[in-house]
Amino acid sequence: RDMEAELRRAIACNHLAMAYQPIVNLADGSIASFEALVRWTHPERGEISPGTFVPLAEQAGLMPELGDWVLRRVFADSHDFGTAEISINLSPLQIVARDFIATLRRLLAEERVDPSRFTFEITEGVLLDRSDRVLGLLGELQDMGFRIALDDFGTGYSSLAYLRTFQFDRIKVDRSFVQGIESDVDAQSILRAIVALGRTLRMKVVAEGVETLLQQQLVHAAGCQYVQGFLYWRALTPEQVVSLLATDR
Ligand code: G
Ligand code: G
Ligand code: MN
Ligand code: NA
C-alpha cells in the first residue's frame, strides 16, 4: 500500500529518529536507564506513531529493515550518552528473522559498543509458541552480554508461565496496572506481589506509565524501585539526553 512504500522510503531516507525516555530510580531520583523509542516524522503528515507503523512494518515484512535501522541508530547514539544503559524494543518478527544474530554481531563490531549497556525488551508475543529456537535465541543474546526484559508484563494470558520458560533480567509492569492503582486497592496488591516475585526470581521490576504523584506514592509503597512515565520525562531527543546527562550527575 501507499503507506508501506512511504515507510520503505522513510527507512532509506532517514526520516526516522530515535527518542529516549528516562527510567528513574525511586531510591534517589537518579536516571537508571533510557528506553529507546522510534519516531517517524512524515514530510507532509507530521508525526506518525510507532503504534501505527511498527505493526505496518511487521505486516509488510519490513521489520528486519526497520529493526536493523533502530539497532544501528541506538548503538551510534549511545556513544554520546557516556555509560548510560539503554533498552531497545525488539519485534518478535525481528528476532526470528534468519540472520538476526549475525546482523547484530556485525552492528556491534561496526559500532564498537558494549552489549552489557543494552537491554532488549520483548513482549510475550515472541514466546507464544515457546519454541526451542526462540528460547535459544534469547539465551544467545544473554550469552553475548545483553539483558532481556519482558515488556507489558501482566497483559498476556500466560505471563507467569513465561517466567518459568526463561530467566528474564527485568520485567516491565504494564501501565494498565499503574493507571488503575489510585481507584483500585487490588491493583496495589497485584503490583506488590509482582515486585516480590521479581525479587525472588532475581529480576528488576520497572513500573510503566506513572503519570501522577499519587501513582508514584502507591507504586513506591508497593516496593517498586524503577519507574517510567510522563510524571518524570517524555521521550527526549538525543541532544536533550546529552544535556540531561551533563546536569544529572
Ligand atoms: O513510543 P510509543 O508509546 O508511541 O510506542 C508505541 C508502541 O511502539 C509501543 O508498544 C512500543 O513498544 C513500540 N515501539 C516504539 N519504538 C519501537 C522500536 O524501536 N521497535 C519496536 N519493535 N517497537 C517500538
Ligand atoms: O509497549 P511499550 O512499553 O514499549 O510502550 C512504551 C510507550 O509508552 C512509549 O510509546 C511511551 O510514549 C509510552 N509511555 C511512556 N510513559 C507513559 C505514560 O506515563 N503514560 C502513557 N499513557 N504512555 C506512556
Ligand atoms: Mn517497551
Ligand atoms: Na509496556
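The model is predicted: local features need pLDDT of at least 70, side-chain atom pairs count only at pLDDT 80 or more, and totals for chains, interfaces and linings use all residues. Residues are numbered from 1 along each chain as its sequence is written, while chains are lettered from A and ligands numbered from 1 in the order written.

**Ligand 1**
- L37, V38, S49, P50, G51, V54, V70, N89, L90 and S91 surround ligand 1 (a residue is near if its C-beta atom, placed from the backbone, lies within 6 Å).
- β2 (31–42) and α2 (50–59) are the elements that each give two or more residues to this shell (DSSP runs numbered from the N terminus: helices are H or I of at least four residues, strands E of at least two).
- Helix α2 gives the most to the shell around ligand 1, three residues.
- Six nonpolar, four polar and no charged residues make up the shell around ligand 1 (Ala, Val, Leu, Ile, Met, Phe, Trp, Tyr, Cys and Pro count as nonpolar; Asp, Glu, Lys and Arg as charged; the others, Gly among them, as polar).

**Ligand 2**
- Ligand 2 is surrounded by 14 residues, and D151, G209, E211, G229 and F230 are the closest.
- Its shell has five charged, five polar and four nonpolar residues.

**Helices α1 and α2**
- The axes of α1 (residues 2–12) and α2 come within 10 Å and cross at roughly 95° (axes are lines fitted to C-alpha atoms over the stretch in contact; angles run from 0 to 180 degrees between N-to-C directions).
- The two helices, α1 and α2, are therefore roughly perpendicular (65 to 115 degrees).
- M3, E4 and L7 of α1 meet F53, L56 and A57 of α2 (contact: C-beta atoms, placed from the backbone, within 7 Å).
- Five of these contact residues are nonpolar, one is charged and none is polar.

**Nonpolar core**
- The largest nonpolar core has 59 residues, and L191 and V219 have the most contacts inside it (a core is a set of buried Ala, Val, Leu, Ile, Met, Phe, Trp, Tyr and Cys residues joined through C-beta atoms within 7 Å).
- Helix α3 (residues 63–78) supplies the largest share of this core, six residues.
- Beyond its neighbours within four places in sequence, L191 contacts V173, F177, I181, A207, V219, A222 and C224.

**Helix α10**
- Q215, Q216, L218 and V219 are the buried residues of α10 (residues 213–221) (buried: 20 or more other C-beta atoms, placed from the backbone, within 10 Å of its own).
- Their cover includes α8 (175–179), α9 (185–200), β8 (204–207) and β9 (226–227).

Methods. Parallel < 35°, antiparallel > 145°, perpendicular 65-115°, else oblique. Contact = placed C-beta atoms within 7 Å. Buried ≥ 20, exposed ≤ 12 C-beta atoms within 10 Å, placed from the backbone.
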